[in-house]
Amino acid sequence: MTYPGWLDVHGHFSPPKTPEEKEKTWHAMREAKFMAPEPFSWEFEEVLKYNDKAGIAMQMLSNIPPELSALKASNDFGISIVQKYPSRFGLLVALPTNNTKACIEEIERTSAFSPPPDGFAVTTTYAGIWLSDASLEPVWKVLNECRAVVHVHPDGYAGPAQGRPSPLIEVAFDTARTAVDMLYNGMFRRYPHIKFIFAHCGGALPVLSGRIALLGAEAWVPNPEKITKEEIKSQLGRLYVDTAASAETGLAPALKMAGMHGCIYGADCGVPCSREATMEENRKSVLKIEREHGIEAGTIGNGGYDLFPSAAKRAKGEKL
């Protein structure tokens, strides 16, 4: 199908902040070794300017505040942006995955949004609770029944490691650890209808996927769900990954693990660790790797539309 431009599945946003709130956030970031030169604020007008230059027609917005009332307010602000620009933005509703009841209530509450949410956004750990925690089983059952798209982002509030901010490399290992724990807990087996997208080319997971398949079902590996070697390969192969800030060296292993259908475009737009220059370099890496693998240009950029049919219609100006 022909679309007016690519779909970016990894776009961040944040509700408006007072100057004092911006300053407080900036100082907290610098204390965590994220040496942002100045306070940051998200402006949808600036995002649209960049997206127009980059050929991005539709962008999925996500934001996962660490406190429930802020999370709900953020979801409300996010849908207001989608309502203002339905052909340019979609919303991945944030879920507070430390609280099963609150998760289900937020799924139900936001289902009344118009247009409805395009999917959901979760973080690897939320208030110390991992996505693989048994308490979340009722949440996954609901999302499996509605065949939801769930974007999995590493913990954006993790502290620094060895004097460097977590967005540099820790996010890759956080993502891999989470996916592997979900695998061994049988989540991908029990909830095959959830379409999980793991950020940043799946972090370190694609590089490690061959090792996990080779050794993961051996007798010396704790495996209470008795996940087989064949299941490891097939379940990892069914995952989706986005290309955000990782395409140059992360996309080729991701293509090998998840196949072309499983690799979709993400820019990591809307956060201070991404500048226009870095997003452009990453976008060009996607095109370069498509050429190197004999993939038609734009296949990865347009791949997300299959996951988000409502957004695909809105991007083309069709009525829902």
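Contact, as used in these exercises, means heavy atoms within 4.5 Å. The model is predicted: local features need pLDDT of at least 70, side-chain atom pairs count only at pLDDT 80 or more, and totals for chains, interfaces and linings use all residues. Residues are numbered from 1 along each chain as its sequence is written, and side-chain values use heavy atoms, with hydrogens and water left out.

**Exercise 1. The surroundings of Ile107**

Find the element that holds Ile107, decide whether Ile107 is buried or exposed, and list its contacts beyond four places in sequence.

Solution. 
- Step 1: Ile107 belongs to helix α4, residues 100-110. Helices (H or I, at least four residues) and strands (E, at least two) are DSSP runs, numbered from the N terminus.
- Step 2: The relative accessibility of Ile107 is 9%, so Ile107 counts as buried. Buried means under 20% relative accessible area, exposed over 50%, and partly exposed in between (1.4 Å probe, protein chains only).
- Step 3: With neighbours within four places in sequence left aside, Ile107 has contacts with Leu95, Phe120, Val139, Val142 and Leu143.
- Step 4: Pro117 is 10 residues from Ile107 along the chain, and their C-alpha atoms are 9.3 Å apart.

**Exercise 2. Backbone geometry**

What is the peptide bond from Ser114 to Pro115, cis or trans?

Solution. 
- Step 1: The bond from Ser114 to Pro115 has omega near 0° and is cis. Pro115 sits in the loop between α4 and β4 (119-123).
- Step 2: Lys226 has a positive phi, near 55°. Its loop runs between α8 (205-215) and α9 (229-237), and Lys226 counts as exposed because its relative accessibility is 63%.
- Step 3: Asp268 also has a positive phi, near 60°. Asp268 lies in the loop between β10 (263-264) and α11 (276-292), and a relative accessible area of 5% makes Asp268 buried.

**Exercise 3. The position of Met260**

Where is Met260 in the chain, and which residues does Met260 touch beyond four places in sequence?

Solution. 
- Step 1: Met260 is in the loop between α10 (247-258) and β10.
- Step 2: Its relative accessibility is 43%, so Met260 counts as partly exposed.
- Step 3: Residues up to four places away not counted, Met260 touches Leu255, Ile295 and Thr299.
- Step 4: Ile300 is 40 residues from Met260 in sequence, with 7.5 Å between their C-alpha atoms.

**Exercise 4. The whole chain**

Describe the chain by its helices and strands, its radius of gyration and its share of buried residues.

Solution. 
- Step 1: The chain has 13 helices and 10 strands.
- Step 2: Its radius of gyration is 19 Å, close to the 20 Å given by the globule rule for 320 residues, so the chain is as compact as a globular protein of that length. The radius is taken over C-alpha atoms, and the rule is 2.2 Å times the number of residues to the power 0.38.
- Step 3: The C-alpha trace spans about 55 × 45 × 45 Å along its principal axes.
- Step 4: Of the 320 residues, 52% count as buried.
- Step 5: Among contacts with a separation of 6 or more, 76% come from residues 24 or more positions apart.
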